[in-house]
Amino acid sequence: MATPPYRRILLVLDLTEDSLQIGQRAAALAARLGAEIELLHVIEFPPVDPMAETLMASVRIEDELLDRARARLSSLALELGIPQAPCRVEAGGVKTEIVRIARERRADLVVLGSRERHGLSILVNLTEDTILHAAPCDVLAVRVSRPSG
């Protein structure tokens, strides 16, 4: 029997309302292929002046955001029926961290969301475009659309 095309799936979630939909697609694919799945969320903090008086407050806020993201990611894994899946929250450049973790974990597939773009946003190099070209493996962009209203 041939080796399944994807054995290690890295599911990248931004923790927006679309995360469940994206996660459901990735979890179903992993189940069908018998693949491992790992959840990843990356928080990109603005640079902080190390000499600023508010440095300690910034560090506490960052720690709190990381803890909240870990809790939300674990909650999503439970909702997706994959509570045993590793959940990872990283701080750093979103694009850089996704590619780094995909390499480090030897992912065969990165799954992330892709939103419709209109107007000038079409010209902006968004995360999914960068990941598509920089990832060491295949990338599946799950199309999510906003309800018109």
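Student: What share of the chain's residues count as buried, and what does the word stand for?
Tutor: Of the 149 residues, 35% count as buried; buried means under 20% relative accessible area, exposed over 50%, and partly exposed in between (1.4 Å probe, protein chains only). This is a predicted model, in which local features need pLDDT of at least 70, side-chain atom pairs count only at pLDDT 80 or more, and totals for chains, interfaces and linings use all residues.

Student: Which elements make up the chain, and in what order do they run?
Tutor: The chain has 4 helices and 5 strands, where helices (H or I, at least four residues) and strands (E, at least two) are DSSP runs numbered from the N terminus. From that terminus on, the elements run β-α-β-α-β-α-β-α-β.

Student: Why is Glu38 called buried?
Tutor: Its relative accessible area is 9%, and a value under 20% is what the term asks for, so Glu38 is buried.

Student: What makes Glu38 and Arg88 a salt bridge?
Tutor: A salt bridge is a side-chain nitrogen of Lys or Arg within 4 Å of a carboxyl oxygen of Asp or Glu, and the closest N and O atoms of Glu38 and Arg88 are 4.0 Å apart, so the pair counts. Glu38 lies in strand E2 (residues 36–43) and Arg88 in strand E3 (residues 87–91), so this bridge ties together parts that are 50 residues apart in sequence.

Student: Why do Arg105 and Glu104 count as partly exposed?
Tutor: Arg105 has a relative accessibility of 36% and Glu104 has 41%; both values fall between the two cut-offs, so both residues are partly exposed.

Student: Which residues are linked in a network of salt bridges?
Tutor: Glu38, Arg88, Glu90, Glu97, Arg100, Glu104 and Arg105 are linked in this way, and the whole structure holds 10 salt bridges.

Student: What span is expected for helix H1, and what span does H1 reach?
Tutor: The expected span is 1.5 Å times one less than the number of residues. H1 (residues 19–33) has 15 residues and reaches 21 Å from its first C-alpha to its last, close to the 21 Å expected.

Student: Which residues of H1 are buried, and what puts them on the same side?
Tutor: Ser19, Ile22, Gly23, Ala26, Ala27 and Ala30 are buried. They cover an arc of only 130 degrees around the axis (taken from the directions from the helix axis to the C-beta atoms), which puts them on the same side of H1, whereas Ala31 and Arg32, on the other side, are exposed.

Student: Where is Asp14, and which side chains does its own side chain meet in polar contacts?
Tutor: Asp14 is in the loop between strand E1 (8–12) and H1. A polar contact is a pair of N or O atoms within 3.5 Å; within protein, one must be able to donate a hydrogen and the other to accept it, and residues adjacent in sequence count only if both atoms are side-chain atoms. The side chain of Asp14 makes such a contact with that of Thr16 at 2.7 Å and with that of Ser19 at 3.5 Å.

Notes: Residues numbered from 1 in each chain as written. Heavy atoms only, no water.
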